[in-house]
Amino acid sequence: MSGEVLVKENKLSAGPLSWPWLAAGLLASAAALWAVALIDDALPAPLARGSPPERFIAEIAHEHLVNLTSIGPRVAGSYENEVLAVGVLVAALKQIAAQASPHNRVEIDVQRASGAFSLSFMDGMNNVYRDVQSVVARVSAAGAAARAARPARTALLLNCHFDTVPDSPGASDDGAGCAVLLETLRALAAARRPLRHDAVFLFNGAEENILQASHAFVTQHPWARAARAFVNLEACGAGGREVLFQAGPHDPWIVEVYASVVPHPFASSLAQELFESGLIPADTDFRIFRDFGNLSGVDLAWSANGYVYHTRLDTAERVPPAALQRTGDNVLALALGLLEHPAAESEPDPAERQPVFFDVLGAAVVSLRAPGAALAAAATAALVLLKLQLSARAARRALFVAPGAWRRGVLRAAGAALAAGAAGVLAAAGVALLLHAAGARLAFYSRPLLLAPLYALPALATSWRLAAALGRPPAPLGAAGGWWRARLWHDALAALAAAALLACAARGLRSGFLPLLWALLPAAADVAAGPLGVPRPLAWALGAALPLLQTWYLVLGSLLMFVPVMGRAGAGPLPPDVTMAVISSTLILAALSWLLPFVVATRNPGRLIWCMFATSGVAAALAAGTSLGAAYSAARPQRLMVFHTRRTQHSAAGAAVDTFYWVPELDANTPRALREHAGPARELSAAECARWPYCGAPYFLPVLALVGRSHRVEAPAPPLPRLEARVWAEREARGRRVHVHVARGAPHAVLVLRAAGGARVTWSSVLAAPRAAAWAGAGGEERTYFFALHAARAPHDWRVELLVEGEGGVQASLAAHAMFGRDKLQAEHARLLAALPPVVAATGWGVDLHLYDL
């Protein structure tokens with residue numbers, strides 16, 4: 001690389017780069033990604049028995065995990081969950097209580113509670129539960145005087161759940177969380193001095209029923225009234241590093257304690273905003289503690305290897321002791337920090353906003369409250385303006401260009417950079433559409449590295465090709481040498497980052513820390529280059545180093561989370577390949593944006609660009625025509641849900657009964673899997689969906705907006721569960737009173753009521769003000785009400801009344817779901833699931849579904 005030299009007629013001749021320099025920059029970026037991957041894989045050595053008792057010992061935690069998962073699936077209401085799992089937890093807690101130091105004591109309680117609440121989960125639902133169980137423990141300072149001196153509301157609540165979905169041992173979700181909390185409780189109880197405040201441990205037994213047991217605890221248990229803050233442990237994957245992905249809604253001191261005491265931090269307010277956006281189809285007990293307990297806290301979750309989430313593969317063997325050690329070290333340190341912090345004795349201030357927070361490459365956490373974040377944004381914007389001003393002055397001296405012309409050139413370069421990025425994303429989406437049309441769908445699912453040649457390379461090559469074509473600005477800047485063009489683009493990228501930062505600040509988005517890094521550090525390096533005598537291209541590279549590493553750090557974490565989600569994200573408006581192409585190409589173009597100034601300074605980047613296009617083309621051809629494009633493997637299987645359904649349609653003319661296997665479309669390859677493994681299938685038509693609530697299908701969760709397409713395969717015999725019920729309506733002055741009487745059914749029942757023509761449900765006997773689904777019909781003239789009814793103990797009879805006001809039509813759907821027990825699988829259904837190959841992780845159960853016109 002050569003410097004800038006004044007030549008005849010005051011024009012500048014810059015020594016442009018040759019394409020190997022650009023390739024070297026690309027390789028350096030790849031090396032940075034490899035370094036970040038090493039950080040992501042780093043886990044501490046697990047401690048064994050014999051370590052100091054106040055330390056978290058992974059060997060003990062892993063024993064708890066094995067004891068819990070050896071029971072097998074633990075569905076709420078099952079013997080395995082309500083008796084065996086409760087017994088394992090109580091026995092472990094009694095042993096911990098017996099080993100506690102003389103300074104602390106452990107109390108144990110088993111809660112059984114009933115209740116109801118509305119929830120905006122997915123489409124929106126009304127959750128009704130009976131006799132759900134939780135195991136609760138409290139560790140506190142020993143002695144009556146110590147207990148009497150405690151303020152009323154200073155306890156720390158730590159939560160996990162021990163129940164599972166059907167057919168999954170639930171090692172990571174959430175057996176590992178409970179194992180971590182058992183060992184954390186042991187370490188706290190073993191402390192050699194009294195705890196300053198109480199720690200309450202909730203092992204809740206009905207989270208997979210959509211957060212029922214946490215609601216029962218926080219609204220009914222007397223220990224809940226002492227809680228001041230909470231820590232929730234969850235998972236959407238097995239092992240790896242747990243991420244702090246939710247905090248709040250107020251009490252920023254909780255995140256600040258995390259930042260100051262946790263030895264292995266991994267936290268991001270960007271992750272929180274992604275989760276809150278609904279892109280990830282999940283929810284946690286965080287919502288219950290926040291909305292019904294008026295508590296602030298943090299949500300921690302494992303996200304690595306999300307392929308095993310909610311499948312038979314979620315076993316204890318896939319949760320390494322090193323991952324337990326890492327999480328346990330963090331949770332124990334956080335618990336001690338929160339219990340000792342003076343703010344635990346203060347009243348919460350709802351006006352306090354959460355800070356901007358993120359960890360820097362796993363080494364430390366940056367946490368800035370709103371005033372500090374606003375000041376950092378303003379200072380960064382000012383620095384970028386200074387950079388632009390200094391560049392304009394330098395151009396005036398060297399090029400005899402007016403400052404206004406330089407600023408217009410910067411604006412044009414910014415537009416060109418945005419156009420180049422958009423073209424790159426469209427190119428990646430085009431490749432994804434071709435692969436989808438060719439039948440090579442989700443080729444990246446079992447081999448995430450394919451994201452690089454399939455989507456990243458065409459995006460990068462297209463973006464660079466357009467940037468190179470648009471790199472020469474118009475007169476009077478058109479004659480400027482290559483480094484001046486590069487400086488123009490460097491200014492443009494800094495301006496774009498500053499604009500993104502200010503936009504985030506204006507909207508209150510805490511993810512603005514990423515554009516802040518891209519604006520602050522490159523601008524600072526450029527401004528300092530002149531006074532320090534550092535060649536400007538070298539300063540640009542140095543200024544991009546930390547933003548590049550931090551962006552790769554976030555990109556890697558995002559992709560490792562999003563790729564497995566594509567296997568359960570339902571049938572959205574875009575094919576999953578296009579969705580992942582857009583996500584991955586956008587992230588990678590952002591990470592490699594620092595190379596754009598060097599692209600426009602490169603003499604002939606075409607060789608490298610065409611090499612990238614060729615590599616992508618070969619990879620796409622191999623993915624479409626060979627086993628390289630196989631979407632699934634035994635370790636990363638396809639998800640399939642097969643519900644054996646008896647459907648009875650009740651009318652004045654009688655009852656019409658049909659029997660079938662209902663299969664929701666969890667990913668783009670569900671129809672192909674049905675053809676290969678289950679025989680002829682038919683997609684439920686729009687007419688069927690319009691005819692009955694929830695398409696006349698046995699949805700057990702309100703996810704029609706997520707899983708809108710589904711299929712039916714004829715079944716040779718009916719399922720085992722039988723629902724004995726009556727549903728009828730009586731006229732009243734204000735409308736109709738709908739009666740639902742379930743005389744015999746399953747522990748899990750679903751009632752859906754659809755009111756058309758402006759009618760609405762204004763009251764029910766189980767919940768005074770039921771919530772309507774968020775996706776009301778056209779013009780809001782149709783409202784659907786989803787009720788989940790769960791009874792953890794027999795009998796499973798229900799008597800529900802609902803008041804429907806208005807004159808529109810009313811329909812009801814009532815279903816019994818046999819998620820466990822002897823009625824779960826009929827023989828033919830069991831054989832169908834057992835015959836599926838190892839690359840398919842299937843689940844399902846019997847359903848008795850009844851549909852009514854009222």
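V761 has a bridge partner in strand β22: the residue V804. This is a predicted model. The strand β20 pairs with β22, which covers residues 798-805. The two run in the antiparallel sense, and 4 bridges join them.

**The sheet around this pair**

β20 and β22 belong to an open sheet of 4 strands. The order is β17-β18-β22-β20, and the pairing is antiparallel. Which strands stand at the edges? They are β17 (724-732) and β20 (760-764). Each has a single partner strand, so one side of each is left without a neighbour in the sheet. From one strand to the next, the twist averages 25°.

**The disulfides**

How many disulfides does a search of the whole structure find? The search finds 2. Counting bonded cysteines along the chain, the pattern is 1-2, 3-4. The table lists both links.

| Disulfide | S to S | Torsion about the S-S bond |
|---|---|---|
| C160 to C178 | 2.2 Å | 105° |
| C689 to C695 | 2.1 Å | about 100° |

Take the link of C160 and C178. With 105° about the S-S bond, this link is right-handed. The pair links distant parts of the chain, 18 residues apart. C160 sits in strand β5, residues 155-161. C178 sits in helix α5, residues 171-189. A strand and a helix are therefore joined by this bond.

Now take C689 and C695. The torsion about their S-S bond is about 100°, so this disulfide is right-handed. C695 is buried, with a relative accessible area of 3%.

C236 counts as buried, at 18% relative accessibility. This value is under the 20% cut-off.

C611 is a further cysteine. Its relative accessibility is 46%, so C611 counts as partly exposed. Exposed would need a value over 50%.

Terms used. Residues numbered from 1 in each chain as written. Predicted model: local features only at pLDDT ≥ 70, side-chain atom pairs only at ≥ 80, totals over all residues. Heavy atoms only, no water. Disulfide = S-S within 2.5 Å. Buried < 20%, exposed > 50% of the residue type's maximum accessible area, 1.4 Å probe, protein only. Pairing = 2+ DSSP bridges. Axes fitted to C-alpha atoms, helices over the stretch in contact; angles between N-to-C directions.
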